[in-house]
Structure formats: structure tokens, C-alpha cells
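Hi there,

Here is the structure I promised to pass on. Have a look at it first, and then read my notes below.

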Amino acid sequence: MAEARVKARKESVFSERFAVFAECLLTGVWIAVASLGVVTYPAAFAAGARHLRRRTAHHGGGWREFTVDFRTALRGGWAVGLAGWAAAALVWVDVRAVRAGLPGGPLVGAVGLFALIGTVVAGLRAAAVWAPGDTWRDLLAAAGRRTVLDPTGSFLLVGGIVLVAGSALIVAPLAVPVLGAVAAAAVAVEERYRHR
């Protein structure tokens, strides 16, 4: 008896890349829904990034795995989310000082704004490499170092943040799926840094 040979169907490069793009948009919706808890956004990005890492490695995964990862990341991630809002509030106070015309206000406002941008980038980089069992303190410390040591990757993430903000200004609902693209960008930046 002759063995029947089954030739594996190979996807075209276009369809594979479009599938990853579609998965990013879907992940953005998941991240937005998981971020509704206000302080849950670091855990949502961590779960989204882990989901995208699984998908690009051709491992299974879906909503259930995202939910499990989100719950696991939330254990320490809520405190990171709370600290992020506190940092945003401090920058808001700085901006108010600049507008009030206080002496030294423009310098303090600029430093505060740059510090907030650096904090957001470090948070995205930490979320991009999160795995169950990692502590947020260690992740953020390492991500802070990578933010400074890899300025190119950090500027790419700043561009992603600007993309989300621009999308929200033009068509607010468009910002929701674009969150997945930012998570994918963070994963790609971290992968690029790892292979340097």
C-alpha cells in the first residue's frame, strides 16, 4: 500500500501578516475592556502582549488564556496602575504651574512631561515581557534601564503612543483597536532589543 502524502498548505506572507494585524486589533479591544477598571491597564497590556507573543510564535491562545493572564498580572499590576495615575496627576499639577506663570514653571513642566513619557514607555516595555511569576518591581526596573539604553526602541513606542492619541482625537473608537498595535509594537521593540 502506498502512503498518501499530504502536502502542508502554506499561507502566503500577505495572509499571515494580515492575520497578525487582525489579531492585534482584536487584542486592542480586549485590552480596552480589561482596562475599564481604571488601574488595571498595566495588567491588560501585559496579558495582551503575552497573547500576541503566543500568536506570533504560532501557539494557541484566545480569550480564556488572555483572561487567565490578566488575572495573574493584576495581582501586582493594580499598584502599578495606581502609581501611573499618581504620576499623571503630578504632571497635571506641573502643567497648571506652568500656566499660572510660577517662576521656573516651564522647566518643571518640561521635566515632568518627559518623566511621564519615560514612565509610560518603561511601563509598556515591562508589560511586553511580563510572564506569570514575574514581579512588577523587577520588570519595571529592568524596563527603565532598557528605556534609557535603547533610545531607538523607546522613540518607536513614543510614536505608538502618539498614534493612539491621534486616533482618539480623529475618531475616538479607533483608539480602542489601535491599543493592540501599541502592545504589538512593545513586543517587537523588546524582541529587537533582545536580539541586538
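Predicted model: local features only at pLDDT ≥ 70, side-chain atom pairs only at ≥ 80, totals over all residues.

**The overall picture**

Of the 196 residues, 34% are buried. Among contacts between residues at least 6 apart in sequence, 68% join residues at least 24 apart. The chain exposes about 12100 Å², and carbon and sulfur atoms supply 69% of that area.

**Aromatic rings**

I found five aromatic pairs in the structure. In one of them, the ring centres of F18 and F21 are 6.3 Å apart and the planes meet at 45 degrees, so this pair is tilted. These two residues are three apart in helix α1 (residues 13-34), which puts about one helical turn between them. F21 has a relative accessibility of 45%, so F21 counts as partly exposed.

Another pair is Y41 with W85: their ring centres are 6.1 Å apart with the planes at 85 degrees, so the pair is edge-to-face. Y41 belongs to helix α2 (residues 41-56) and W85 to helix α3 (residues 63-100), so the pair ties together parts 44 residues apart in sequence. Both partners are partly exposed: Y41 has a relative accessible area of 25%, and W85 has one of 45%.

There is also an aromatic cluster formed by W30, W63 and F66. Elsewhere, R125 lies over the face of Y193, at 5.8 Å from the ring centre.

**The nonpolar core**

Which residues have the most contacts inside the largest nonpolar core? They are F45 and W136, in a core of 36 residues. Helices α1, α2, α3, α4 (105-129), α5 (136-149), α6 (151-170) and α7 (175-194) each supply at least two residues of this core. The largest share, eight residues, comes from α7. As general background, nonpolar side chains tend to be buried together in soluble globular proteins.

Leaving aside residues up to four places away in sequence, F45 touches I31, L124, A127, L179, V182 and A183.

The 16 residues of α2 should span 22 Å at 1.5 Å a residue, and the end C-alpha atoms are 22 Å apart, which agrees. The buried residues of α2 include P42, A43, F45, G48, H51, L52 and R54. What covers the buried residues of α2 includes α1, α3, α4, α5 and α7. After α2 comes H58, whose phi is positive, near 65 degrees.

Not counting residues up to four places away in sequence, E23 touches H51, L52 and R55. Of these, H51 and L52 are among the buried residues of α2.

If you open the model, F45 is one place to begin, as one of the two residues with the most contacts inside the largest core. E23 and its contacts with H51, L52 and R55 are another.

Best wishes

Terms used. Residues numbered from 1 in each chain as written. Heavy atoms only, no water. Phe/Tyr/Trp six-rings, centres within 6.5 Å; stacked < 30°, edge-to-face > 60°. Helix = DSSP H or I, 4+ residues; strand = E, 2+ residues; numbered from the N terminus. Buried < 20%, exposed > 50% of the residue type's maximum accessible area, 1.4 Å probe, protein only. Lys NZ or Arg CZ within 6 Å of the ring centre and 35° of its normal. Core = buried A, V, L, I, M, F, W, Y, C linked by side-chain atoms within 4.5 Å. Contact = heavy atoms within 4.5 Å. Expected span 1.5 Å × (residues − 1). Areas by Shrake-Rupley, 256 points an atom, 1.4 Å probe, with all protein chains shown as cover.
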